[in-house]
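User: I would like to learn how to read the nonpolar core and the aromatic pairs of a protein model. Please take me through the general idea first and then the case at hand.

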Amino acid sequence: MTLVVPGDTPSKKNGKRIITNNRTGKPMIISSTRHNDWEKGAIAALALQFAGYKVTDYPVALSLTFYFSNKRAHDLDNVAASIMDVLVKSGVLEDDSTKYVNSLTLKFGGVDKENPRVEIDLGEE
């Protein structure tokens, strides 16, 4: 089964911001607004494509192919972490530990200015 998450995937690791907790007055680190907005859209896109189906035959082998909108250098392992988190939060995967995902392949598919995306192939080992 192949799922598609539209748009450029932001890095969760590098997209942090520091805010002050109003209650305690202490600083705290949270994800960027850009990442949070992308995550909401990605979860909605996966929910439409997956339509309530849930993977039950674990472990699975995942192949993620990233198509970015520009030629800038992108760190595949950082954007893969964002995709893995979204797969869990959307209910596609129960967890992203090795008990559930025993193979993960990351590929750069090229530049696609008109249609940046991630193609997620869910295979079974």
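Predicted model: local features only at pLDDT ≥ 70, side-chain atom pairs only at ≥ 80, totals over all residues.

User: Which residues of the largest nonpolar core touch the most other members?

Analyst: In soluble globular proteins, nonpolar side chains tend to be buried together. A nonpolar core is a set of buried Ala, Val, Leu, Ile, Met, Phe, Trp, Tyr and Cys residues joined through side-chain atoms within 4.5 Å; buried means under 20% relative accessible area (1.4 Å probe, protein chains only). Here the largest core has 26 residues, and Leu 62, Ile 83, Leu 87, Leu 93 and Ile 120 touch the most other members. Helix 2 gives the most to this core, six residues; helices (H or I, at least four residues) and strands (E, at least two) are DSSP runs numbered from the N terminus.

User: How many aromatic pairs are found in the whole structure?

Analyst: Rings of Phe, Tyr and Trp (its six-membered ring) pair if their centres lie within 6.5 Å; planes under 30 degrees apart count as stacked, over 60 as edge-to-face and the rest as tilted. The search finds three pairs. Tyr 58 and Tyr 100 are edge-to-face, because their centres are 4.7 Å apart and their planes stand at 90 degrees. Both tyrosines, Tyr 58 and Tyr 100, are buried. Phe 68 and Phe 108 are stacked, because their planes are at 20 degrees, with centres 6.0 Å apart. This pair joins strand 4 to strand 5, 40 residues apart.

Key. Residues numbered from 1 in each chain as written. Heavy atoms only, no water. Buried < 20%, exposed > 50% of the residue type's maximum accessible area, 1.4 Å probe, protein only.
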